[in-house]
Amino acid sequence: MSSLPFWEGHIVRSVEDLEDGALLIILDTCPASEPQCGACRRPCSLVHERRRRKVRDRDCLDRRVWLDLPIRRLDCHHCNARVTEHISWLDRRARITHRVRVWVEALAQLLPIAHVARLTGLHWHTIKDIDHQRLQRLHGDFSANDVRRLVMDEFALHKGHRYATVALDAERMKVLWVGEGNSREAIRPFFEKLGPEGCQRVEAVAMDMNSAMDLEVRAQCPNAEVVYDLFHVVTRFGREVVDRVRVDQANTLRAEPKARQVIKRSRWLLLRNRDNLKSEQAIKLEELLAANKPLSTVYLLKTELKEIWYAPTVREGARRWKSWLRLALDSQIAPLIQFAKRLAKYRRGILASAIYPMSSSTLEGVNNRIKVIKRMAYGFRDSAYFFLKIKDAFPGKVR
């Protein structure tokens, strides 16, 4: 009697219906199949003992499938070891078959772990361990060959100002490394993994205006130009200038409640890109800017600030920067003047965008995808697993 192709080395003795509706398939070893040593994988006929093990196989139609099979311990005369036999479709000490593992790996890429657990009937931790092993196999090794341009950013790991840092290959769109923390000491392991030659090869690093990240990049990558990201600068401008001016203007209209409410409720209208506004929203924005000169000034300077990043050359970028800075300093708007003076320290990194036009949408896409991964999992208790999930979401593209 020959063994079955999907349970190699075994034959079916009987099939039983369990009380919960599952199937229990009882297997025996095939007389025609000689056991293989689990260590050296050579045939071995010296059986020390036999035990039976109950393992889970993939569902058949709408029925759970369990297998009851014999497991033999062998006295191998080739390697002089007493080991469990090798079974091609079952790992050593495993309670699930390879088919179940492959099935779970496919499901875990599409669904949250809790949903996969309900679908398969396996424990949450079993699903997580299977997916973790898959991710470790695919992304556990650090690989950063020929990286020339990097994008580095921080994101909220947990509530309470706990952050992590992500390093991405800007050309391949591949996450190279994720680490907990956003200090110089926290991101230093990335550059240590990159190695001296890798650090020498880096020519540009895009980031927000994080002084710790800036200093560490300059210390580790002497040939790299720091490029400040447009999205983060404009976001900070909206928070520190547009919002502040809006509140100040609302406070000057205490005697006019209706006009004050219009300005107080205009926050998202002022922060949103004009191209993303609906026709009725665009009309409201025009009316608001026409009625309030300080808001009109900061809104227009926000638009002009973006144009610096789109300059075709450094020379043109410098001209746009000087023009913008002069307008900001002459505006007599205190929050705008303070912001402009602080931003002047980062001028080199802003103008570097003309040489290295690294899109801010890259960072925005990474952050949005990380938020989706966190929502799907309802948060991660295992940071290492979470970081592997991020790397799996950005495996990179072929140049």
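1. In this predicted model, Cys40 counts as partly exposed, with a relative accessibility of 27%. The sulfur of Cys40 lies 3.6 Å from the closest cysteine sulfur, that of Cys76, which is too far for a bond, given that a disulfide requires the two sulfur atoms to be within 2.5 Å.

2. Cys79 is likewise in no disulfide, the nearest cysteine sulfur being that of Cys76 at 3.5 Å, and Cys79 counts as partly exposed at 31% relative accessibility. The structure as a whole holds zero disulfides.

3. Turning to the helices, the axes of α2 (residues 113-120) and α3 (residues 124-139) come within 9 Å and cross at roughly 115°, and the crossing is right-handed. On the α2 side the contact is made by Ile113, Ala114, Val116, Ala117 and Thr120, and on the α3 side by Trp124, Ile127 and Lys128. By residue class, the contact of α2 with α3 divides into six nonpolar residues, one polar and one charged.

4. Strand β7 (residues 162-169) pairs with β8 in the antiparallel sense over six bridges, and within this pairing Ala164 of β7 has Glu180 of β8 as its bridge partner. The hairpin of β7 and β8 has four residues between the strands, and Met173 in this hairpin takes a positive phi near 55°.

5. Is strand β8 largely enclosed or largely open, and how many of its residues are buried? Five of the seven residues of β8 (residues 174-180) are buried, so the strand is largely enclosed by the rest of the structure.

Key. Residues are numbered from 1 along each chain as its sequence is written. This is a predicted model: local features need pLDDT of at least 70, side-chain atom pairs count only at pLDDT 80 or more; totals for chains, interfaces and linings use all residues. Side-chain values use heavy atoms; hydrogens and water are left out. Buried means under 20% relative accessible area, exposed over 50%, partly exposed in between (1.4 Å probe, protein chains only). Axes are lines fitted to C-alpha atoms, for helices over the stretch in contact, and angles run from 0 to 180 degrees between N-to-C directions. Helices (H or I, at least four residues) and strands (E, at least two) are DSSP runs, numbered from the N terminus. A crossing is left-handed if the near helix is turned anticlockwise from the far one by less than a right angle, and right-handed if clockwise. Contact means heavy atoms within 4.5 Å. Ala, Val, Leu, Ile, Met, Phe, Trp, Tyr, Cys and Pro count as nonpolar, Asp, Glu, Lys and Arg as charged, and the others, Gly among them, as polar. Two strands pair if DSSP finds at least two bridges between them.
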